[in-house]
There are 2 protein chains.
Amino acid sequence: MTATPVSGPDKILLSHGEGGKRSHDLIGRVIARHFANPVLSNFFDSGLLGRIDGEIAFTTDGHVVTPAFFPGGDIGRLAVCGAVNDLAVCGAKGLAISCGLVLEEGFPIETLERVLMSMRDAAAEAGVFVACGDTKVVEKGKGDGIFINTAAIGVMAPGWRPSYEAVRPGDRILLSGTMGDHYIAVLVARQGLSVTAPVLSDMAPLGGLLLPAVERFGKGIRIMRDPTRGGVGVTLNEIATSAKARFVLDEERLPVRESVRGVCEILGFDPLYLANEGKALLIVDASAAEDVLVSLREHPLGREAAIVGEVAEGSPGVRMRTLAGGLRAVDYPVGDQLPRIC
Amino acid sequence: MTATPVSGPDKILLSHGEGGKRSHDLIGRVIARHFANPVLSNFFDSGLLGRIDGEIAFTTDGHVVTPAFFPGGDIGRLAVCGAVNDLAVCGAKGLAISCGLVLEEGFPIETLERVLMSMRDAAAEAGVFVACGDTKVVEKGKGDGIFINTAAIGVMAPGWRPSYEAVRPGDRILLSGTMGDHYIAVLVARQGLSVTAPVLSDMAPLGGLLLPAVERFGKGIRIMRDPTRGGVGVTLNEIATSAKARFVLDEERLPVRESVRGVCEILGFDPLYLANEGKALLIVDASAAEDVLVSLREHPLGREAAIVGEVAEGSPGVRMRTLAGGLRAVDYPVGDQLPRIC
């Protein structure tokens with residue numbers, strides 16, 4: 001899968017952002033070529049999507065990850081997964097996405113094409129198409145290669161809505177897979193760490209995993225969130241605050257890949273706070289929890305799903321039953337984490 | 001209209017982008033506070049918009065203008081106008097927008113608040129609300145203060161669609177007002193030029209101007225575009241290509257503010273290629289053109305609207321009848337223009 005050669009400069013020039021012939025050529029010959037579809041190829045100022053039957057969800061996600069390529073993917077795939085996963089955890093099937101690029105002068109066009117092809121492939125995997133786009137160029141030193149903003153439109157599963165209010169003591173906390181893979185993959189790539197077992201980013205579009213569960217179990221699933229920046233620890237704190245709920249995790253049940261645990265032990269990271277890009281947290285009615293778990297495990301992206309805790313009586317917050325048998329508070333992380341992980 | 005003081009750091013820190021407590025506080029206490037509405041305040045991963053009755057239009061627009069503040073507005077107002085105008089020229093009434101921020105470490109939070117308030121006010125003026133957002137932080141020297149991506153969802157005027165195919169010889173070319181105001185306002189601010197007559201950016205949301213005309217004249221209006229980057233000259237070339245049409249402009253009819261003309265004469269700019277952010281080009285059936293013109297002029301944003309040319313027989317392209325009586329080609333601009341004008 002290689003890019004078709006395109007005549008013209010091989011790097012992004014400031015004039016690619018000025019709106020003249022060069023902008024026109026970049027958009028038409030390089031960018032839109034990869035995303036060709038009947039909506040985009042009209043070249044109207046908006047993508048005309050027609051009538052959409054159902055309730056609409058709308059989200060946006062910016063991506064500034066560095067490096068732009070890392071084990072398991074790149075900023076293009078990340079940009080698609082980030083947006084469609086924000087839909088999926090709200091119970092919405094992705095329909096259309098946007099592609100907003102901020103390119104730094106001097107960025108290689110061949111690299112841009114690799115990122116665009118990666119977006120195209122991820123969009124196909126997620127069942128969405130690129131309906132609109134925008135490209136801006138900034139001077140060398142005023143950006144960092146490539147930033148991508150995606151927005152996405154989806155259609156809600158009929159009859160289901162996320163509900164913080166529905167969370168109640170006894171509910172179970174499910175996690176769809178291992179923690180921290182994305183963070184560690186980016187960290188290893190950025191710092192050129194030498195690791196024995198490679199760690200791949202877990203990024204993946206989650207609609208295929210989550211939407212069948214929502215359709216099958218309905219209100220048995222209270223709420224879903226994807227634990228990206230800040231990881232499971234921060235995301236659960238946010239849910240606890242919104243739901244006014246107390247969550248108790250079981251440390252021994254939290255899935256962590258051995259290779260990730262190894263890097264965490266060397267560098268002193270707690271996997272609980274590390275970003276994922278292909279995982280979901282679900283708060284589920286106790287009576288449905290085992291069935292939801294089985295359903296998640298039937299999907300390739302949910303093989304390592306686990307019930308990792310439950311909702312308890314008490315003041316809002318997050319606690320963890322440790323391997324040592326104690327109960328410790330899981331707060332927002334105190335130490336600085338890596339910037340630009342997504 | 002001042003920002004309520006917020007405790008905490010007065011500049012953007014890298015930790016504002018890490019997903020922990022500081023990110024949470026920035027989003028909750030600073031950003032979402034300005035955009036408070038029932039959809040956003042749920043803090044779900046997507047904005048849940050409910051059922052939308054009608055055909056949907058979807059667009060995105062990135063904003064990297066420098067400086068971020070200039071006569072007539074700032075990057076916040078620009079980000080809202082840019083997105084909703086892409087909807088308006090497609091005949092769609094804006095409903096919801098997103099707010100995707102890329103902030104550079106060290107960016108003053110007080111300045112961020114000014115930009116957000118400006119977005120909020122422009123959104124109210126345009127009749128849209130902020131349904132979702134995302135905020136990323138990059139290291140000092142890897143961005144340039146603030147970049148804003150907006151995406152927008154709108155509902156099409158029933159029964160109308162832009163149509164390049166409908167353009168035919170005899171159609172009139174209408175321009176809703178003067179050319180180049182936005183470009184010159186940003187240029188003057190960036191270069192600290194001393195000008196006798198101040199030039200204000202023309203940026204404004206165009207739905208209120210254009211949608212009543214679409215509803216009233218229907219298919220009499222063939223297509224509309226907003227001449228932003230590259231100005232009227234580039235936008236007409238793009239329409240000419242898509243419509244396979246030949247456009248002939250009358251130089252004497254092209255509206256240019258005296259103050260803009262003055263700066264152009266000194267610096268050697270052709271106003272035909274200068275960006276606008278509150279103007280529209282309309283290709284209109286000859287029999288409706290005068291009525292559309294009257295309708296545009298009734299609106300405050302269309303007071304200086306004019307019929308500036310017509311569609312002629314012949315090969316696709318743009319020509320201009322000059323003041324001197326000749327006919328010259330209007331191609332894509334050759335010289336480099338200013339980057340980062342929007």
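This is a predicted model: local features need pLDDT of at least 70, side-chain atom pairs count only at pLDDT 80 or more; totals for chains, interfaces and linings use all residues.
Q: How are two packed helices described?
A: Two packed helices are described by the angle between their axes and by the distance between those axes. In this model, helix H5 of chain B covers residues 207-217 and helix H8 of chain B covers residues 286-297. Their axes come within 10 Å and cross at roughly 145°.

Q: Is the crossing of H5(B) and H8(B) left-handed or right-handed?
A: H5(B) passes H8(B) in a right-handed crossing.

Q: Which residues of H5(B) and H8(B) meet?
A: From H5(B) come Leu209(B), Leu210(B), Ala213(B), Arg216(B) and Phe217(B). They meet Ala288(B), Asp291(B), Val292(B), Ser295(B) and Leu296(B) of H8(B). By class, the residues of this contact are 7 nonpolar, 1 polar and 2 charged.

Q: How many residues of chain B are in contact with chain A, and what area do the chains bury?
A: In chain B, 78 residues are in contact with 78 residues of chain A. The two chains bury about 6,200 Å² between them, with 57% of it on carbon and sulfur atoms.

Q: Which three residues supply more than any other three of the area that chain B buries against chain A?
A: Asp45(B), Phe58(B) and Arg229(B) do, supplying 14% of that area.

Q: How many salt bridges and polar contacts are there between chain B and chain A?
A: There are 12 salt bridges between the chains. One of them joins Lys136(B) to Asp61(A), with the closest N and O atoms 3.6 Å apart. The side of chain B that touches chain A divides into 36 nonpolar, 22 polar and 20 charged residues.

Terms used. Residues are numbered from 1 along each chain as its sequence is written. Chains are lettered from A and ligands numbered from 1 in the order in which they are written. Side-chain values use heavy atoms; hydrogens and water are left out. Axes are lines fitted to C-alpha atoms, for helices over the stretch in contact, and angles run from 0 to 180 degrees between N-to-C directions. Helices (H or I, at least four residues) and strands (E, at least two) are DSSP runs, numbered from the N terminus. A crossing is left-handed if the near helix is turned anticlockwise from the far one by less than a right angle, and right-handed if clockwise. Contact means heavy atoms within 4.5 Å. Ala, Val, Leu, Ile, Met, Phe, Trp, Tyr, Cys and Pro count as nonpolar, Asp, Glu, Lys and Arg as charged, and the others, Gly among them, as polar. Buried area is the accessible area (1.4 Å probe) that two parts lose on being put together, summed over both. A salt bridge is a side-chain nitrogen of Lys or Arg within 4 Å of a carboxyl oxygen of Asp or Glu.
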